[in-house]
Amino acid sequence: MDDAETAAQFDDIPGTTLFDARRSRMGYHLNMFCMSLMKAENREAFKRDEDAYLAQFPMTAEQKKAVRTRDWNGMLRLGGNIYYTSKLGATDGLTFQNLAALMTGSTQEEYLQMMIGGGRPPKGNRSKKEWARG
Amino acid sequence: MARIVGGVATSHVPAIGAAIDRGRMTDPYWQPLFKGYERSKEWMAATKPDVVLLVYNDHASAFSLEIIPTFALGCAEDFAIADEGWGPRPVPAVKGHPDLAWHIAQSVILDEFDITIVNKMEVDHGLTVPLSLLCGQPKEWPCPVIPLCVNVIQYPPPTGHRCFMFGKAIRKAIESFDADLRVVVFGTGGMSHQLQGPRAGLINKEFDARFLDKFATDPEALTRIEHVEYVREAGSEGIELVMWLIMRGALEADAKEIYRFYHVPASNTAVGHMILENKRAA
């Protein structure tokens, strides 16, 4: 199977962003900004003045806006990876589960209950064609 | 000679670590999960391995996008606990086993697995949560641990087949180490889960059940699962299951299933767990 065929198969999976070479290159500085939040002093500096802190990173205006508005799905589209964006989440006091609820457009309670109920089933969630039919 | 006596497959969900560290193990949400590991802790205490080799993935803690090793073997004397944005987990630092680790590195590289040798590395929940689940909350971990870190974040991770073959090379390496050591190999991560995007929360119990069945009796069949199938069927982070296949390759083909546990949910994740024992090396 060639690259284009593989990419088409991945692209058909709905609501999912594959962190491949293209996105990794696009999101390098966005992800490295998130990585910097591993240090407590950087978290403090970011919280004191988000714009000033972000100015240190050669990110695109769109990426900075996605960070400032906490557009979690937008960050993924712009090359962010969840293991990096989750460090921004942690800085805000949000867990992986909190972020998942936000990215799926659910309330925290709805998401929690969906997971307790066994999670999102694969049926109807394998292909974009299934999502298009609603 | 050193020998592998058993294998532990388990999920390594960060929220499990948080539940342990904050004393929430008896909460109604968490109680069924921790109950499922009671027998595993007994097995671990009775098995008393001299060394654990623990296969896990780093979650942008020790490695960032600056360096992305596919397989990184921890050869250091010790490994500090990473701050993942919440402060480091309050667990003991991990002591390594440099003699065995370096021996494994040399053996597998000459066996054509061109791994990365790491002499300084912080370890995150991927490594510490499995230790907590199997060892509880001791002041010191019961034995040295050799971390084997696998890239499963940057696409493409190694294939399941490559992981399985790597496991076999690790077995050969351990069995050629001239010391009477009993080794337990951990394969961690999974099972089905997706942390990102509008499809987050995906759980596929049928996929997981089939995987567990085949894992014990016909792991070669699992080595043929392609990356796209993992992502579609088991979620974007379900692809971590390739790491279980390193452990399975390191165990004997006819290793015996001792224990199995499956629970949904832990945060966003289906928790799967299996213990295998080698028949000949016990």
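A residue is called buried when its relative accessible area is under 20%, exposed when that area is over 50%, and partly exposed in between. These terms are applied here to a predicted model.

By this scale B:R3, at 25% relative accessibility, counts as partly exposed.

Over all chains, the structure holds 16 salt bridges. Another of them in chain B pairs B:D21 with B:R89, with 2.8 Å between the closest N and O atoms. This pair also links distant parts of the chain, 68 residues apart: B:D21 is in helix α1 (residues 14-21) of chain B, and B:R89 is in the loop between β4 (78-79) and β5 (94-95) of chain B. B:D21 is partly exposed, at a relative accessible area of 27%, while B:R89 is buried, at 12%.

A salt bridge is also formed by B:D111 and B:K172, whose closest N and O atoms are 3.2 Å apart. Because B:D111 lies in the loop between α4 (98-110) and β6 (116-118) of chain B and B:K172 in helix α6 of chain B, the pair ties together parts 61 residues apart in sequence. B:D111 counts as partly exposed at 25% relative accessibility, and B:K172 is partly exposed with a relative accessible area of 49%. In chain A, salt bridges that share partners join A:E50, A:D51, A:R68, A:R70 and A:D92 into one network.

Helix α7 of chain B comprises 13 residues (205-217) and reaches 19 Å from its first C-alpha to its last, close to the 18 Å expected at 1.5 Å a residue. At the N-terminal end, α7(B) is capped by B:N204, a side-chain oxygen of which lies 3.3 Å from the backbone nitrogen of B:E206.

The buried residues of α7(B) are B:F207, B:D208, B:F211, B:L212, B:F215 and B:A216. Viewed down the axis of α7(B), these residues fall within an arc of 155 degrees, so they line one face of the helix. B:E206 and B:T217, on the other side of α7(B), are exposed. The cover over the buried residues of α7(B) includes the strands β1 (3-10), β9 (256-266) and β10 (269-277) and the helices α8 (219-222), α9 (227-234) and α10 (242-250), of chain B.

Methods
Residues numbered from 1 in each chain as written. Chains lettered and ligands numbered in written order. Predicted model: local features only at pLDDT ≥ 70, side-chain atom pairs only at ≥ 80, totals over all residues. Heavy atoms only, no water. Helix = DSSP H or I, 4+ residues; strand = E, 2+ residues; numbered from the N terminus. Expected span 1.5 Å × (residues − 1). Buried < 20%, exposed > 50% of the residue type's maximum accessible area, 1.4 Å probe, protein only. Arc of directions from axis to C-beta. Contact = heavy atoms within 4.5 Å. Polar contact = N/O pair within 3.5 Å; in protein donor to acceptor, adjacent residues only side chain to side chain. Salt bridge = Lys/Arg side-chain N within 4 Å of Asp/Glu carboxyl O.
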